[in-house]
Amino acid sequence: MRKDCAAVVLAAGQGKRMQSQVPKQYLMLEGKPVIYYALKVFQESFINRVVLVTVPEDIDYCRKQIVEKYGFDKVTDIVAGGKERYHSVHEGLKAVRADYVFIHDGARPFVTEEILERAYECVARYDACAVGMPVKDTVKIADIDGFAVSTPSRDRVWAIQTPQVFAYDLIFQAYTALIEKEQELLGQSVKITDDAMAVETLTDRRVKLVEGSYENIKITTPEDLQIAKALLC
């Protein structure tokens with residue numbers, strides 16, 4: 001029997017690299033907001049409920065123009081996020097409780113049921129997993145002056161995506177510790193950029209990588225939006 005699963009979908013980003021007044025997750029993609037596509041997949045999947053995290057001034061918009069308009073009745077709560085991504089995740093986690101929680105960026109419209117299934121199988125075994133794909137290009141590690149200092153083996157390097165999925169108690173423990181130690185970590189120049197890093201840094205648990213899709217792109221720049229339109233065709 002499948003355990004209770006919830007999702008935290010993040011829609012609080014401002015999308016400065018998109019060069020648009022409209023946050024990237026609300027840009028129109030073939031007549032619907034970018035975030036619609038991810039929410040539709042969660043709505044039609046085994047996920048039992050969804051918490052949507054956005055900026056305070058967009059809560060009413062999300063409720064009326066996305067959740068109610070498209071009938072996403074699995075979205076049980078819309079909460080205000082924070083200054084950084086990890087603040088928003090923490091707020092989302094406080095609003096939900098489940099055996100497993102799927103944390104997903106609303107600007108990734110091409111998550112699929114198959115990705116969710118693979119992630120569930122992985123988290124059920126390891127308690128912590130992150131979706132991603134092996135990189136296709138050679139990667140260089142640079143020093144502060146921009147000179148290449150090392151070349152990691154390409155077959156060991158992954159580009160990480162979302163969702164990232166965890167046993168609830170584990171990820172809540174990690175984010176609670178992160179908020180408590182935030183200033184200490186910043187003083188050490190440690191900036192937590194994804195959920196897996198929170199677990200890696202603040203618990204003793206390892207995060208298993210699970211295959212996502214090369215099409216599971218994040219809409220970050222105007223070029224990404226054009227690629228997304230092509231993928232929908």
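This text walks through a predicted model of one protein, from its overall build down to single residues.

Start with the whole chain. The protein holds 8 helices and 11 strands. Its C-alpha trace spans about 50 × 40 × 35 Å along the principal axes. How does the radius of gyration compare with that of a compact globule? For 233 residues, such a globule would have a value near 17 Å; the protein has 17 Å, so the two agree.

Buried residues make up 48% of the 233 residues.

Now the surface. The protein exposes about 12000 Å². Carbon and sulfur atoms supply 48% of that area. As for charge, there are 30 positive and 34 negative charges. Their mean positions lie 1 Å apart.

Next, go inside, to strand β1. This strand covers residues 5-11, and A6 is part of it. Is A6 buried or exposed? A6 is buried, because its relative accessible area is 0%. Which residues does A6 touch, leaving aside neighbours within four places in sequence? The contacts are I47, R49, V96, A98, Y100, V101 and F102. F42 is a further reference point for A6. The two residues are 36 apart in sequence, and their C-alpha atoms are 9.3 Å apart in space.

F42 leads on to helix α1. The buried residues are V34, I35, Y36, Y37, A38, L39, V41, F42 and Q43. An α-helix has 3.6 residues a turn, so residues three or four places apart point the same way. In α1, the buried list includes V34, Y37 and A38, and it also includes I35 and Y36.

Turn to the cysteines. A disulfide is a covalent bond between the sulfur atoms of two cysteines. How many disulfides does the structure hold? The count is 0. The cut-off for a disulfide is a pair of sulfur atoms within 2.5 Å. C129 is buried, given its relative accessible area of 0%. C233 is exposed, with a relative accessible area of 82%.

Finally, look at the backbone. Where is the cis peptide bond described here? It joins T162 and P163, with omega at about 15°. P163 sits in strand β10, which covers residues 158-167.

Two residues other than glycine have a positive phi. E30 has a phi near 55°. E30 lies in the loop between β2 (28-29) and β3 (32-33). D127 has a phi of about 75° and is not a glycine either. D127 falls in the loop between α4 (113-126) and β7 (128-134). Its relative accessible area is 25%, so D127 counts as partly exposed.

Definitions and conventions
Residues numbered from 1 in each chain as written. Predicted model: local features only at pLDDT ≥ 70, side-chain atom pairs only at ≥ 80, totals over all residues. Heavy atoms only, no water. Helix = DSSP H or I, 4+ residues; strand = E, 2+ residues; numbered from the N terminus. Rg over C-alpha atoms; globule rule 2.2 N^0.38 Å. Buried < 20%, exposed > 50% of the residue type's maximum accessible area, 1.4 Å probe, protein only. Areas by Shrake-Rupley, 256 points an atom, 1.4 Å probe, with all protein chains shown as cover. Lys, Arg positive; Asp, Glu negative; His and termini not counted. Charge placed at Lys NZ, Arg CZ, Asp CG, Glu CD. Contact = heavy atoms within 4.5 Å.
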